[in-house]
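Please walk through this fold with the sequence and the model side by side.

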Amino acid sequence: MQFDAKLLLLIGLGLVAVYHVVSLVRGLPKLGSLKPTAGLLLGGVATNFFDTLGIGSFATSTTIYRATKWVKDALIPGTLNAGHTMATLTQAFIYTQVVEVEAVTLIGMIVAAVVGSWVGAGLVAKWPTQRIQLGMGLCLGAAALLTMAQAAGALPGGGEAIGLTGVKLGLALFGNFALGVLMTIGIGLYGPCLLLVSVLGMNPAAGFPIMMGSCAFLMPFASDRFIRLGKVDPRAVMANIIGGVPAVLVAAYIVKSLPLTALRWLVAIVVAYTAVTLIMSARRKPDQAELA
């Protein structure tokens with residue numbers, strides 16, 4: 001059963017990868033220049049490299065885009081989802097085949113996240129800039145607290161289970177649906193999903209194929225909706241694709257691990273600052289927000 005589930009997962013990943021490439025080829029050229037700047041490329045390399053090692057790419061990318069003004073606030077959620085999809089698919093191909101997890105839990109949580117992202121992308125893409133700023137600010141604040149908890153070693157240790165049943169499975173499905181919605185606002189799913197499965201008593205290692213598989217399947221569909229509505233920055237998307245995939249391969253096969261505690265504290269502080277600036281921007285009057 002485990003082999004069958006993993007084989008189906010591989011086939012599914014291949015299909016959504018093709019779907020995502022078609023979506024990019026069909027939609028991105030209509031939105032402007034595809035030529036990324038050197039700064040965007042460097043950002044794509046760095047954020048996806050550390051994402052593979054466990055830092056996360058959404059919060060760090062948002063911080064870079066806000067600090068440099070390379071991507072407009074209203075385009076950040078769509079750019080994150082469309083830009084980081086190929087790197088996430090690469091991670092999923094690598095990691096979901098080496099960790100055991102029960103098939104019903106794995107597939108169920110992935111489907112729940114995909115449905116959540118489809119619902120969320122349709123809503124977020126139509127939000128005004130101020131609501132997007134407020135949503136990203138609140139989510140980044142939560143991400144900063146979670147990163148601090150990781151750095152302090154304060155997260156639940158989890159149990160030994162590789163699958164869930166009954167009420168716990170229902171909570172896991174609902175939780176991953178909610179995380180799929182939040183992905184489209186700009187909060188990464190990795191950390192919260194790992195916390196979710198640990199609280200429910202699963203082995204934290206089993207959370208890796210769940211969280212990576214969830215992101216790999218939900219991001220192509222969410223990004224397609226953002227692209228169709230013109231809510232992405234094409235240069236930033238291309239920078240993450242060109243720089244991100246090689247960065248994932250280097251991190252996964254060559255570097256493999258790094259002492260990241262100090263870096264997590266630094267990321268948490270910077271992300272918290274970015275969250276505050278987003279919330280402050282959202283509280284300005286509409287004309288002031290547009291000028292900012």
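This is a predicted model: local features need pLDDT of at least 70, side-chain atom pairs count only at pLDDT 80 or more; totals for chains, interfaces and linings use all residues.

Residues are numbered from 1 along each chain as its sequence is written, and side-chain values use heavy atoms, with hydrogens and water left out.

Start with the helix pairs. Two packed helices are described by the angle between their axes and the distance between the axes. Helices (H or I, at least four residues) are DSSP runs numbered from the N terminus. Axes are lines fitted to C-alpha atoms, for helices over the stretch in contact, and angles run from 0 to 180 degrees between N-to-C directions.

Take helix α2 (residues 38-52) and helix α11 (residues 234-255). Their axes lie 7 Å apart, at an angle of about 40°. The two helices are therefore oblique to each other. Angles under 35 degrees count as roughly parallel, over 145 as roughly antiparallel, 65 to 115 as roughly perpendicular and the rest as oblique. The crossing of α2 and α11 is right-handed, meaning that the near helix is turned clockwise from the far one by less than a right angle. By class, the contact of α2 with α11 has 13 nonpolar, seven polar and one charged residues. Here Ala, Val, Leu, Ile, Met, Phe, Trp, Tyr, Cys and Pro count as nonpolar, Asp, Glu, Lys and Arg as charged, and the others, Gly among them, as polar.

Now turn to α3 and helix α4 (residues 76-83). Their axes are 11 Å apart and the angle is about 130°. This pair, α3 and α4, is therefore oblique too. The crossing of α3 with α4 is right-handed. Who meets whom? On the α3 side are Phe58, Ser61, Thr62, Tyr65 and Arg66; on the α4 side are Ile76, Thr79, Leu80 and Asn81. Contact means heavy atoms within 4.5 Å. By class, this contact of α3 with α4 has four nonpolar, four polar and one charged residues.

Is Thr62 buried or exposed? Thr62 is buried, because its relative accessible area is 0%. Buried means under 20% relative accessible area, exposed over 50%, and partly exposed in between (1.4 Å probe, protein chains only). Not counting residues up to four places away in sequence, Thr62 touches Ile76, Leu80, Leu140, Thr274 and Leu278.

Lys69 is in the loop between α3 and α4. Lys69 is exposed, with a relative accessible area of 55%. Its phi is near 65°, a positive value in a residue other than glycine. Most residues other than glycine have a negative phi.

Next comes helix α6 (residues 103-124), which holds Ala113. Ala113 counts as buried, at 0% relative accessibility. Beyond four places in sequence, Ala113 touches Asn176, Phe177, Gly180, Leu189, Ser214 and Leu218. Leu123 also lies in helix α6. Leu123 is partly exposed, with a relative accessible area of 49%. The C-alpha atoms of Leu123 and Val181 are separated by 9.3 Å, though 58 residues apart along the chain.

Finish in the core. A nonpolar core is a set of buried Ala, Val, Leu, Ile, Met, Phe, Trp, Tyr and Cys residues joined through side-chain atoms within 4.5 Å. The largest one has 71 residues, and Leu189 and Ile210 have the most contacts inside it. Helix α10 (residues 207-228) gives the most to this core, with 11 residues. Ile210 touches, among others beyond four places in sequence, Val101, Leu106, Met109, Cys193 and Val197.
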